[in-house]
Amino acid sequence: MTNLVEINFDGIVGPSHNYAGLSLGNIASASHGGDVSYPRAAALQGLEKMRGNLARFGHQGFLLPPPRPNNALLRRLAVDEATPRQLLAAAWSASSMWTANAATVSPAPDTNDGRCHLTPANLVTMLHRGQEWPDTKRMLEIAFGDSEHFAVHDAIPPSFGDEGAANHMRLCEGHGSQGVEVFVYGRPGGKFPARQHEQASRAVARLHRLDPAKCVFIEQNPTAIEAGAFHNDVVAVANEHVLFTHAEAFADQLGAYDAMRAAFPALEVVEVPSDAVSIEEAIRTYLFNAQLVTQPSGGMALIVPEECRESASVWAWCESMLASNGPIREVIPVDVRQSMANGGGPACLRLRVVCEPTTVDPRFLLSNAKADVMASVIEGNWPEQIDPVDIGTESLANTVIAARNALLTALELTELG
């Protein structure tokens, strides 16, 4: 399938972007809970990252924020003046911006019907995220509506928590070749919830009609979860034949490598040892919540948060890695500080889809002209800042609703209104 390419679909940061500290186990989110947020800056930072990737790789997609506040959720919870603020804030959450949690994606070369399969994540562990999947599915059905090339499923039943591509990796010789899909799950009972259930991962693999011999299921390290690695993509990321990982990412690190190599012998592991970068520093800087991408020249680049360059240990390791002449040939820092403060780095902000660009609804594909339009709408309509005390007010609700509607109109996607 030579026409297949990897397209990163980034979530546009919604106009209700705020810091409510709703995500248990997400250290950054908890530590910034109650801070003033800057939705306009956040959205423009995300858009700038998209522009950079469009220039580097030639393809870039995006997904839209769902309606906020979610009045249907507020009604179902019977929210009133005595309701805990966390429940009110959940209905205002802009967490869909972290599109790595939108769905799990299996490209056509991996599936037995030759279509790309997408399953929205149910995200049931957290209320503010569990509300997302119906809107996500609706949008995916438009963006990937060509049923000859795509299959969009319902979410896995809520008995099993599924967090989407944040706990899923793919190993392959090239994006257009058949790959091995790696599902990483956690076991319950620790200090923080293990958000990805093993049975959810196995159900997705069956739903996507994957070859069982080309699927690997690996347990995440409970110690990493307790340190704040609430998703696998906080401590490991893969691209084609390369796995970039912290030495403490998996419950059985060497066993995980063996399992992946048994299914994909060409695996090349780039492991960061704990004595070079501690698990805590890796999580604080989101070194692994990076976009590991193949450049047009053939080498790989790692797109990391600016926080990595500001960390002595992380940047020293990056420089030594580049000097070693390994598979990762460039490290590109980007400014996504508003997202980082709420617990999401460059990898959280994107969903990877391998497909032919001509099969995607073109309204969801970025161009420079469209980026200019989006920037203009964001600059003119997104709130400059949101104080947590503003959440729930009629004036902020009117501003947020009008801002989203302005973007839908500009992008000719009013059916998502």
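**Strand E10 and its partners**

I looked up the pairing of strand E9 (residues 236-239) with E10 and found an antiparallel pair joined by four bridges. Two strands pair if DSSP finds at least two bridges between them; helices (H or I, at least four residues) and strands (E, at least two) are DSSP runs, numbered from the N terminus. This is a predicted model, where local features need pLDDT of at least 70, side-chain atom pairs count only at pLDDT 80 or more, and totals for chains, interfaces and linings use all residues. Residues are numbered from 1 along each chain as its sequence is written, and side-chain values use heavy atoms, with hydrogens and water left out.

Asparagine 239 has valine 242 of E10 as its bridge partner. Two residues lie between the strands of this hairpin, and glutamate 240 takes a positive phi near 50 degrees.

On the parallel side, five bridges join E10 to strand E11 (residues 268-272). Leucine 243 stands opposite valine 269 in E11. From E10 the chain crosses through helix H9 (residues 253-263) to E11, a right-handed β-α-β crossover (with the strands pointing away from the viewer, the path from the first strand over the helix to the second runs clockwise).

**Burial**

I checked E10 (residues 242-246) for cover: five of its five residues are buried (under 20% relative accessible area, 1.4 Å probe, protein chains only). Val242, Phe244 and His246 are on one side, Leu243 and Thr245 on the other. In a regular strand, side chains alternate between the two faces of the sheet.

Terms used
Buried means under 20% relative accessible area, exposed over 50%, partly exposed in between (1.4 Å probe, protein chains only).
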